[in-house]
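Good morning. Please have the sequence and the model open while I go through a few places in it.

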Amino acid sequence: MPKILIIEDDNTFNNMLLHFLKRHDYEVVQTFTANEALDQVELHSFDIILSDLRLPDIDGLTLLSILKEKQKNIPFILMTAYADVKTAVKAMKIGAADYISKPFVPEEALLVLQKIISNSKTENKEIIVVEKEKIETPTTGYYWGSGIASITLKKHIDLVAPTTLSVLITGENGTGKEVAAKTIHDKSNRHNGPFVAVDCGAIPKDIASSEFFGHIKGSFTGAINDKIGCFEAANDGTLFLDEIGNLSYENQILLLRAIQERKIKKIGSNKEIDINIRLITATNENLKNAVENGNFREDLFHRLNEFSVQIPSLRDRKEDLEAFSYLFLEKAAIQLEKNVTKISKDALTIFYQYHWPGNLRELQNYIKRATLLSADDTIEVNSLPEELTSSEKQENNFQFGLKDVAEKAAITNALSIAKGNKSRAAELLGISRKTLYNKINQYELT
């Protein structure tokens with residue numbers, strides 16, 4: 001049974017972590033200050049230390065340094081607010097195993113603990129330093145986020161990736177469907193094979209057969225060379241067909257036949273080619289409605305939809321909005337060679353109020369534009385486009401629209417109904433968990 005040392009001065013949060021970890025078969029010791037923790041480390045052996053950054057006596061960074069000086073090489077996880085992410089990164093440079101941004105759901109902490117314990121079992125090292133999973137741009141990887149919707153998405157992808165099931169990814173434009181498909185491929189047994197992505201919306205109806213299956217030279221006017229289709233190119237790997245709902249009915253038949261028979265013929269050839277692919281498709285349309293309306297074949301739909309993954313919109317991931325914003329800011333600053341590292345509180349407030357119809361892609365574009373326009377190291381409101389700052393295009397994130405006394409009463413009532421469960425209370429109010437935490441602090445609710 002792994003033994004965890006918790007250092008957290010918030011009594012309620014400390015007790016929540018204690019009971020949650022005990023339910024998952026961890027032995028837990030509670031402390032509320034850094035000095036208490038140092039005494040425990042001298043008395044007992046721990047597998048992991050889970051510490052808040054801000055403590056009553058000394059901060060988590062100083063505590064980590066003291067432990068290193070004492071050669072107490074215990075994997076150290078830092079719990080920190082989003083505003084302290086840079087400090088957390090600094091902590092990792094001096095030996096922290098990982099960090100978790102507050103507020104977080106307990107399941108996220110569990111995932112981090114399991115990762116570190118797993119590494120402890122497989123690596124023969126006194127000091128285990130696990131680098132924080134890089135927050136990568138959508139062209140090279142996927143940052144999952146720490147909100148409930150993001151964690152659910154990651155769990156679904158991790159679940160289906162090692163299987164052979166065909167996957168249908170749904171979601172609005174700009175949510176990251178292709179990078180989710182690439183992640184499934186990278187986590188699958190086919191990760192050493194090719195990943196071929198095709199935009200079905202960009203394929204003219206008349207040449208779809210050639211794009212899918214290829215052709216031989218001279219098979220039709222304009223076929224001046226042999227061509228390998230995407231099915232053959234993806235052999236022993238993964239074929240990703242984006243915007244699958246845009247395929248014509250005739251091309252849906254071609255696709256269905258290839259999936260069923262696992263054989264293709266190039267245009268102009270009588271030779272059948274065996275194909276061994278995993279098929280992942282994506283759409284921003286409701287294919288069930290398309291089936292009911294007769295625009296999409298039902299048999300093809302069931303072939304493609306052996307497992308479905310829903311990518312949440314940015315509106316449903318408001319807990320991760322600030323983290324995504326700083327992710328894109330870091331990338332934009334490097335690309336544009338600008339020393340912009342911060343986003344003002346007022347600018348972030350506007351981000352939270354906006355409805356983000358273009359999702360992550362829109363956020364990335366606006367961050368890049370604001371980075372270019374910023375005169376100093378901070379993105380201010382005057383660097384944001386009118387689409388964000390115009391009141392007509394803002395979405396009130398706090399659905400009740402109540403202020404002061406009425407707002408406080410609404411929050412108190414929701415917390416009472418949810419029996420203190422802040423995630424459930426946030427759902428009842430129609431706001432993010434982070435917004436709820438801010439309101440609780442604003443009104444000094446306990």
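**A strand and its neighbours**

In strand S10, the bridge partner of Val-198 is Leu-241. Before I go on, this is a predicted model, in which local features need pLDDT of at least 70 and side-chain atom pairs count only at pLDDT 80 or more, while totals for chains, interfaces and linings use all residues. Residues are numbered from 1 along each chain as its sequence is written, and side-chain values use heavy atoms, with hydrogens and water left out.

Helices (H or I, at least four residues) and strands (E, at least two) are DSSP runs, numbered from the N terminus. Two strands pair if DSSP finds at least two bridges between them. Strand S7, residues 195-199, pairs with S10 in the parallel sense over five bridges. S10 also pairs in the parallel sense with strand S13, residues 278-283, over four bridges. There, Phe-240 has Ile-280 in S13 as its bridge partner.

Is S10 buried or exposed? Buried means under 20% relative accessible area, exposed over 50%, and partly exposed in between, with a 1.4 Å probe and protein chains only. Five of the five residues of S10, residues 238-242, are buried, so the strand is largely enclosed by the rest of the structure. In a regular strand the side chains alternate between the two faces of the sheet. Here Thr-238, Phe-240 and Asp-242 point one way, and Leu-239 and Leu-241 point the other way.

Next, a loop. Ser-188 lies between helix H7, 177-186, and S7. Ser-188 counts as buried because its relative accessibility is 4%. Its side chain reaches the backbone nitrogen of Arg-190 at 3.1 Å. Leaving aside residues up to four places away in sequence, Ser-188 touches Ala-161, Pro-162 and Arg-278; contact means heavy atoms within 4.5 Å.

Now two helices. H13, residues 321-336, and H14, residues 345-353, pack at an angle of about 120 degrees, with their axes 10 Å apart. Axes are lines fitted to C-alpha atoms, for helices over the stretch in contact, and angles run from 0 to 180 degrees between N-to-C directions. Angles under 35 degrees count as roughly parallel, over 145 as roughly antiparallel, 65 to 115 as roughly perpendicular and the rest as oblique. H13 and H14 are therefore oblique to each other. Which residues meet there? Leu-321, Glu-322 and Ser-325 in H13 meet Leu-348, Phe-351 and Tyr-352 in H14.

Last, just after helix H19, residues 433-442, Glu-444 takes a positive phi of about 55 degrees.

Conventions. Polar contact = N/O pair within 3.5 Å; in protein donor to acceptor, adjacent residues only side chain to side chain.
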